[in-house]
Amino acid sequence: MKNFTGAILATLLTTTFAVAEPVDDNLVLNEETEMVTRTAAPAHVSDALDEVMSGWLFRGTETRAMQADDFDNPGMIFVEQAQDTWVTADGSEGKSCSSCHDDMDSMAGVKATYPKWNEEAGEVRTLQMQVNACRTERMGAEAWKYDKGDAINMEAALSSVSRGLPVNVAIDGPAQSMWEKGKELYYTRTGQLELSCANCHEDNYGNMIRADHLSQGQINGFPVYRLKNTKLNGAHSRFKGCIRDTRAETYKPGSEEFIALELYVASRGNGLSVEGPSIRN
């Protein structure tokens, strides 16, 4: 079976008869904010990678240019919608996000640290989980659906005010067990194709698979606006799609498995700049 799987992967990777290395380019946002798109790998992944690289380096010229300018980035439309939501009262308490947090710029740096351990709740929370906790516990409002509508828009907006700041996800202390679970999921082969996250994004980044250029699978740019489906996409939705592509039954966005996987994958990008909302194919 392993030989068969290897043959399938080899066929996919050589479809275009090319190896396309990441570009040698610098991302400067709005001609003023220089972004770190490649840096030394954090210690906990240095045995697998020498450096970590943003998915931006694996995109075409036009796509990279779109992300470099907010006027050209279609993901910013959804950020603007979330900015309106930020100041709109909702729920039985008559509060908005700004009632507690003032303007959204006050949240700079928050996205860079998620997922993170929440001591009061006794769990690892993603940023969307924390937003929903604020809605249900402080605003008396309904929780938003994971990776959908208002939830993904708000994550993109909170990411936008942290752009240029380094990802700094903690993996020690009480978060460590979830991080270990995420790591196990990352390296576990799934589906009829028996492929893991690492098979594509660690062993074969830089190669072409069908018409796509494999990146390291870093999520510092999430949420991402995908040209393929013309909307914002969350990390959990991308995880779901990847597992589905191995021809396996997958988990749901917001599941414990994907929370653990997000924690692990986010930590692999420690040191890269927060980019979201980024643009990908």
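The model is a predicted one. Two packed helices are described by the angle between their axes and the distance between the axes, and both values are given below for each pair.

**Helix 3 and helix 6**
- The axes of helix 3, residues 76–86, and helix 6, residues 149–160, come within 8 Å and cross at roughly 95 degrees, and these two helices are therefore roughly perpendicular to each other.
- On the helix 3 side the contact is formed by Phe 78, Val 79, Gln 81, Ala 82, Thr 85 and Trp 86, which meet Asp 150, Asn 153, Met 154, Ala 156, Ala 157, Leu 158 and Ser 160 of helix 6.
- Sorted by class, the contact of helix 3 with helix 6 contains eight nonpolar, four polar and one charged residues.

**Helix 9 and helix 10**
- Helix 9, residues 235–245, and helix 10, residues 256–268, have axes that come within 10 Å and cross at roughly 100 degrees, which makes helix 9 roughly perpendicular to helix 10.
- His 236, Phe 239, Lys 240 and Ile 243 of helix 9 make this contact with Phe 258, Ile 259, Leu 261, Glu 262 and Val 265 of helix 10.
- The residues of the contact of helix 9 with helix 10 comprise six nonpolar, one polar and two charged.

**The second largest pocket**
- The second largest pocket has a volume of about 220 Å³, and of the 17 residues that line this pocket, Trp 86, His 101, Met 107, Val 131 and Cys 134 are the closest to its centre.
- Helix 4 (97–101), helix 5 (127–139) and helix 6 are the elements that each give two or more residues to the lining, with helix 5 giving the most, seven residues.
- By class, the lining of the second largest pocket has 12 nonpolar, three polar and two charged residues.

Key
Residues are numbered from 1 along each chain as its sequence is written. This is a predicted model: local features need pLDDT of at least 70, side-chain atom pairs count only at pLDDT 80 or more; totals for chains, interfaces and linings use all residues. Side-chain values use heavy atoms; hydrogens and water are left out. Axes are lines fitted to C-alpha atoms, for helices over the stretch in contact, and angles run from 0 to 180 degrees between N-to-C directions. Helices (H or I, at least four residues) and strands (E, at least two) are DSSP runs, numbered from the N terminus. Angles under 35 degrees count as roughly parallel, over 145 as roughly antiparallel, 65 to 115 as roughly perpendicular and the rest as oblique. Contact means heavy atoms within 4.5 Å. Ala, Val, Leu, Ile, Met, Phe, Trp, Tyr, Cys and Pro count as nonpolar, Asp, Glu, Lys and Arg as charged, and the others, Gly among them, as polar. On a 1 Å grid over the protein atoms alone, a cavity is a set of points where a 1.4 Å probe fits but cannot get out, and a pocket is an open set with protein on both sides within 12 Å along at least five of seven lines; lining residues have an atom within 4 Å of a point. Grid points are joined across faces, edges and corners, and a volume is the space filled by probe spheres set on the points.
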